[in-house]
Amino acid sequence: MTTRLFGERVPRVEDPRLVTGNGRFLDDLGHDALEAAFVRSPHAHARIVDIDVSEALDVEGLVAIYTYDDLDGRTGEALPLLIPHPTLTHGRTPHALARDEVNHVGEAVVMVVATSRYVAEDAAERVRVEYDFLPAVVGIEAARAAEELVHDDVPGNLAARMVQQTGDADAAVDAAPNLLELDLEIERSASMPLEGKGVLARWDPDDESLLVHTSTQTSTSVRQALAAKLGLPVDRVEVVTPDVGGGFGVKIVHPWPEEILVPWAAIRLGRPVKWTEDRREHFVSSAHERGQLHHVRVGYDDEGVLAGLSVRFWHDNGAYVPYGLIVPIITSTQLLGPYKPGVYRVEFDSLYTNTVLVTPYRGAGRPQGCYVMERVMDAIAAERGIDRTVVRERNFIRPEEMPYDHGLIFQDGRPLLYDSGDYPATLAKLKKLVGWDGFEAYREQARAEGRRVGIGLACYVEGTGVGPYEGGHIRVETDGTVVVSTGLTTQGQGHRTMLAQIVADELGVPFDRVRVTTGDTRRFKYAVGTFASRTAVMSGSAVALTARSVRDKALTIAAEALEVDVEDLEVVDGHVRVKGSPSSSIDLGAVAVLSNPLRYAFDEAAARATQFAAPADPEKPPVGPGEQPGLEGSDYYSPPRSTFANGMHAVVVETDPDTAEIRVLRYCVVHDCGTLVNPMLVEGQIHGGVAQGVGGALYERMEYAPDGQLLNASFMDFLMPYASEVPEVEIDHLVTPSPLNPLGVKGAGEAGVIPGAAAIASAIEDAEGLTITRMPISPSELFALRAAHRKETP
């Protein structure tokens with residue numbers, strides 16, 4: 001019998017090629033291509049007065065120099081606002097090359113193309129740009145004050161103001177027996193994939209077709225964007241995503257200016273052109289996230305049960321908003337986590353600043369929301385003298401209340417309606433895993449040793465598997481190999497392994513017969529992209545449905561060949577066989593041959609499908625009505641709404657009494673992503689997310705000067721946790737299947753990072769006995785908090 005693979009820890013099929021140095025990333029391609037470099041603004045806000053390229057023209061190997069004035073047609077228009085929203089009344093997006101004005105350090109002004117990157121950089125250094133400096137708006141406070149404007153035509157620097165509410169929350173808060181107000185902050189940070197962005201474009205003038213390789217999270221959408229911007233029929237554009245060295249959200253934005261300019265230059269020059277982002281470029285010209293300020297009013301009873309919650313927050317969206325309001329919308333809705341808030345109101349302003357634009361970074365607004373809600377829960381527990389886990393449990397949505405409708409609209413434009421989850425059971429598992437009830441004994445032991453330790457926790461709910469759809473195509477070759485294609489891209493998650501497990505089970509074939517291709521529009525044209533923890537839900541469901549239809553077709557063909565009823569057949573180990581009579585069978589490869597009636601025999605197998613191979617029914621056409629040749633098929637999965645995963649993290653920290661150094665001693669995770677296709681892959685995603693969560697809590701921040709200069713735009717200054725700072729992660733799983741898709745799965749990709757800052761803040765607060773309101777936190781900041789606390793409590 002075929003071994004069932006769904007739910008098994010199948011080793012990743014991707015790894016042997018990657019760990020032996022045989023990966024093919026963007027910069028491994030295009031050795032025959034011209035290369036591009038960019039002159040980028042050194043100023044946060046300025047008018048472009050003049051561009052002088054005369055000195056660069058003498059550089060040997062220079063091929064072309066382009067400014068905004070060279071851009072033609074739609075290429076010269078502003079880049080698209082990808083996700084419009086009714087409240088986004090002042091959406092602004094950049095041009096591929098700056099027109100008249102630059103709005104952040106790193107904005108592209110001039111493109112240089114040369115025979116090599118070295119020559120291109122040399123020429124770029126000789127380009128002289130004259131600027132008329134303008135005041136820079138840096139930080140949320142400056143944006144709110146609006147004494148200066150990022151865009152002259154955007155009053156108050158306000159891109160959007162959005163309100164959602166389920167009633168009069170302020171009245172409910174004021175009427176509650178107890179009231180708290182909190183001001184909380186999460187600072188700006190950014191994803192740092194090992195590989196930055198990159199683009200390679202080839203133009204074929206004979207058939208007027210464009211082939212683009214790009215390090216992206218959405219090859220099909222880049223294809224559509226390029227066709228629109230370059231004025232090409234979409235069927236003349238193909239986009240391939242090679243191996244990608246990390247995405248984390250920054251590569252879901254499209255098209256980046258370089259994704260337009262490199263193909264545009266390739267068409268104009270009639271030669272392949274390539275650009276690979278360097279690390280400083282990634283710091284100053286890609287995307288950041290996180291930065292938000294929150295003011296919270298919460299009302300609750302003497303048992304800590306919420307009566308009302310009113311949240312007002314301000315979101316720094318940087319200089320432009322190409323990805324719309326997705327991040328603050330997610331914050332505003334996912335802030336609620338697993339809790340019933342009573343009456344809820346949330347209002348946010350999305351504000352322009354003269355800094356790098358903000359787009360989703362792993363977690364995408366959820367870490368901010370989780371941090372705020374969990375700080376609220378800890379504050380209520382402290383004020384009422386109640387155990388922090390008890391306060392949370394008293395406010396949980398109960399499993400019998402599922403599906404639970406919060407009465408809000410989520411980021412996909414559909415109701416914030418939780419599909420499944422058992423939050424009390426998750427908390428019980430977490431308390432047992434970390435030893436919550438026995439921690440005071442450990443604290444006393446540590447205190448006796450002169451050590452200071454604390455424990456914290458944080459709970460979250462994550463909307464995953466957002467629509468609108470994903471699809472899959474499966475073809476069984478005549479040798480029995482199964483070829484699976486899906487439009488989603490992969491950045492190291494193990495998609496090929498996970499999808500092959502699903503197809504092998506659904507189709508009844510050995511795992512090693514399945515080959516998976518992702519992110520190649522030549523193989524699959526219609527897809528949305530890899531983001532929002534959606535691959536297992538969306539593409540997993542799509543390939544499962546496709547495999548079922550291909551299996552049904554195989555059974556129909558085999559039934560005719562074996563002269564039995566379809567109901568009497570099963571597919572086992574790649575063979576269609578009669579139930580109870582394994583010797584009466586036919587290989588799926590042979591079925592694939594029979595599925596395609598042939599006139600010509602190319603080999604012995606193909607001869608079985610030619611017109612004289614068997615007696616034919618004169619009344620029946622070789623390919624019947626509604627049928628198609630080949631043992632293959634395509635199908636799509638489109639969900640009614642998002643599915644909601646959840647989890648809880650607990651952290652034990654030690655803070656040095658003298659230096660205020662913070663060490664994470666233990667990190668425990670209980671996670672519920674529905675049924676698990678491959679637990680090892682899920683745990684790998686959690687490990688990676690926890691590492692980024694630790695970074696976001698203790699190390700990573702973008703430090704801007706008041707004039708808009710990014711002060712730590714290198715790995716010498718931007719701190720990230722090494723292996724020595726990332727703790728061993730202890731994981732347990734709870735499984736509450738989703739009723740919304742055929743596999744019962746929920747997403748897992750962002751789970752590890754979401755509650756990191758909240759859980760670590762909780763643990764530090766527990767260790768120190770002082771209030772944490774701002775993250776990330778450094779030893780020097782903790783030292784200063786201690787000093788301020790001593791002054792307040794002599």
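User: How many positive and negative side chains does the protein have, and how far apart do the centres of the two sets lie?

Analyst: In this predicted model, the protein has 73 positive and 115 negative side chains. The centres of the two sets lie 2 Å apart.

User: What radius of gyration does the protein have, and why is that value set against a compact globule?

Analyst: A compact globule with 794 residues would have a radius of gyration near 28 Å, and the protein has 28 Å, so the value agrees with that of a compact globule. Along the principal axes, the C-alpha atoms fill a box of roughly 100 × 70 × 50 Å. The protein contains 19 helices and 29 strands.

User: Why is Ser533 called buried?

Analyst: Buried means under 20% relative accessible area. Ser533 has 11% relative accessibility, and therefore it counts as buried. Buried residues make up 60% of the 794 residues in the protein.

User: What makes Glu563 count as exposed?

Analyst: The term exposed requires a relative accessible area over 50%. Glu563 has 72%, so it is exposed.

User: Which omega value goes with the cis peptide bond from Met402 to Pro403, and which with the one from Gly467 to Pro468?

Analyst: Most peptide bonds are trans. The bond from Met402 to Pro403 is cis, with omega near -5 degrees, and the bond from Gly467 to Pro468 is cis, with omega near 10 degrees. Pro403 lies in the loop between helix 10 (388–395) and strand 16 (404–409). Pro468 is found in the loop between strand 18 (453–464) and strand 19 (470–476).

User: Which residues touch the most other members of the largest nonpolar core?

Analyst: This core has 120 residues, and those touching the most other members include Leu309, Tyr371, Leu698 and Ile764. Helix 9 (residues 366–384) gives the most to this core, with 9 residues. Apart from it lies another core, of 47 residues, among them Val503 and Tyr637.

User: Which residues does Leu698 touch, leaving aside those up to four places away in sequence?

Analyst: A contact requires heavy atoms within 4.5 Å. Leu698 touches Ile662, Val664, Ile760, Ile764, Pro776 and Ile777.

Technical notes: Residues are numbered from 1 along each chain as its sequence is written. This is a predicted model: local features need pLDDT of at least 70, side-chain atom pairs count only at pLDDT 80 or more; totals for chains, interfaces and linings use all residues. Side-chain values use heavy atoms; hydrogens and water are left out. Helices (H or I, at least four residues) and strands (E, at least two) are DSSP runs, numbered from the N terminus. The radius of gyration is taken over C-alpha atoms; the globule rule is 2.2 Å times the number of residues to the power 0.38. Buried means under 20% relative accessible area, exposed over 50%, partly exposed in between (1.4 Å probe, protein chains only). Lys and Arg count as positive and Asp and Glu as negative; His and the chain ends are not counted. The place of a charge is taken as NZ of Lys, CZ of Arg, CG of Asp or CD of Glu. A nonpolar core is a set of buried Ala, Val, Leu, Ile, Met, Phe, Trp, Tyr and Cys residues joined through side-chain atoms within 4.5 Å.
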